[in-house]
Amino acid sequence: MKNNLQPHIRIGNGYEVKYALLPGDPGRVDEVAKFLDHSEELAYNREYKTIIGSYNGVKIFVSSTGIGGVSAGIAIEELKNIGVKVMIRIGSCGALQPHLRLGDLVIASGAVRNDGASYAYINKAYPAIPDPELLFHVMNAAKKNRSTNHTGIVRCHDSFYTDKEHEIDKYWSEKGILASDMETAALFVIGGLRGIKTASILNVVVEKEGDLEGGINDYIDEKNNSKRGEEQEILTALEAIVSYESIYKN
Ligand SMILES: O=P(O)(O)O[C@H]1O[C@H](CO)[C@@H](O)[C@H]1O
Ligand SMILES: O=c1cc[nH]c(=O)[nH]1
């Protein structure tokens, strides 16, 4: 393969970039660009949009992974193939607990593996957990940014519209799971198996169903709160990378 060009993300060797931020939505890549010292688009194929840039002297890729573990798994593997060693998801999530508000950050300390992609790799006895050192840097960065953040287990799923969604959310909510997203489990499991350091930060974009407390104000501010959460997750991930890099330069 010429220059090790990857078939989906459409990037090859030669960048020597150790870090990647992974939003699902390609639109969020441009939001991250606003925080970078400079940035340049490298490729945009299907759901995979990648820019290269730097933040406080550290070079990073920002690559969208699309919706779901299947799509994310492809991006994760291909980014690893071109040398990326540390990946932080900056995603969105739906709250499963009533105290989580729009724009709060959820930092995943583990993920329930209700997705198909992580299971395609290995049976469900294998844990979906982040790298503990990277998690520590993310938690510290979130504190320094004064975000409202919650660290705990999230649930990863493959569907929004089956007839059982309400029942399933109720079950996992009662087990204390913080929120739902679709890619964190695949990221953690593939990271564990492939030796990639991973973490996942999620911005609450949907509050728990039926919780109306404070709902009117939140409704008015809905867009602002979600936007603020997105900015805070981006800043948190970037600051975590800088502090991680200061310790693990090589
Ligand atoms: O906003 P992103 O990062 O795409 O994350 C969430 O949003 C999508 C679903 O709407 C899924 O990808 C889910 O995990
Ligand atoms: O409710 C939601 C919102 C975003 N992402 C999810 O997976 N679920």
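Residues are numbered from 1 along each chain as its sequence is written, while chains are lettered from A and ligands numbered from 1 in the order in which they are written. Because the model is predicted, local features need pLDDT of at least 70 and side-chain atom pairs count only at pLDDT 80 or more, whereas totals for chains, interfaces and linings use all residues.

The largest nonpolar core comprises 66 residues. Such a core is a set of buried Ala, Val, Leu, Ile, Met, Phe, Trp, Tyr and Cys residues joined through C-beta atoms within 7 Å. A residue is buried if 20 or more other C-beta atoms lie within 10 Å of its own, exposed if 12 or fewer, and partly exposed in between, with C-beta atoms placed from the backbone. Among the residues with the most contacts inside the core are Ile88 and Val138. Leaving aside residues up to four places away in sequence, Ile88 touches Leu21, Leu22, Val138, Ala199, Ile201, Ala237, Ala240 and Ile241; contact here requires C-beta atoms, placed from the backbone, within 7 Å.

Val138 also belongs to the buried residues of helix α4, together with Leu134, Leu135, His137, Ala141 and Ala142. Seen down the axis of α4, these buried residues fall within an arc of 160 degrees, so they line one face of the helix; the arc is that of the directions from the helix axis to the C-beta atoms. An α-helix has 3.6 residues a turn, so residues three or four places apart point the same way. On the other side of α4, Pro132 and Lys143 are exposed. Helices (H or I, at least four residues) and strands (E, at least two) are DSSP runs, numbered from the N terminus.

The ligands come next. Around ligand 2 lie Ser92, Cys93, Gly94, Ser180, Asp181, Met182, Val205 and Val206, each with its C-beta atom, placed from the backbone, within 6 Å of the ligand. Strand β5 supplies the largest share of this shell, three residues. The residues around ligand 1 include Ser92, Asp181 and Met182.

Two residues remain. Glu16, in the segment before β1 (19–22), has a positive phi near 50 degrees and is exposed, with 8 other C-beta atoms within 10 Å. Arg46, in the loop between β2 (38–45) and β3 (48–55), has a positive phi of about 50 degrees although it is not a glycine. With 13 C-beta neighbours inside 10 Å, Arg46 counts as partly exposed.

Terms used:
Contact = placed C-beta atoms within 7 Å.
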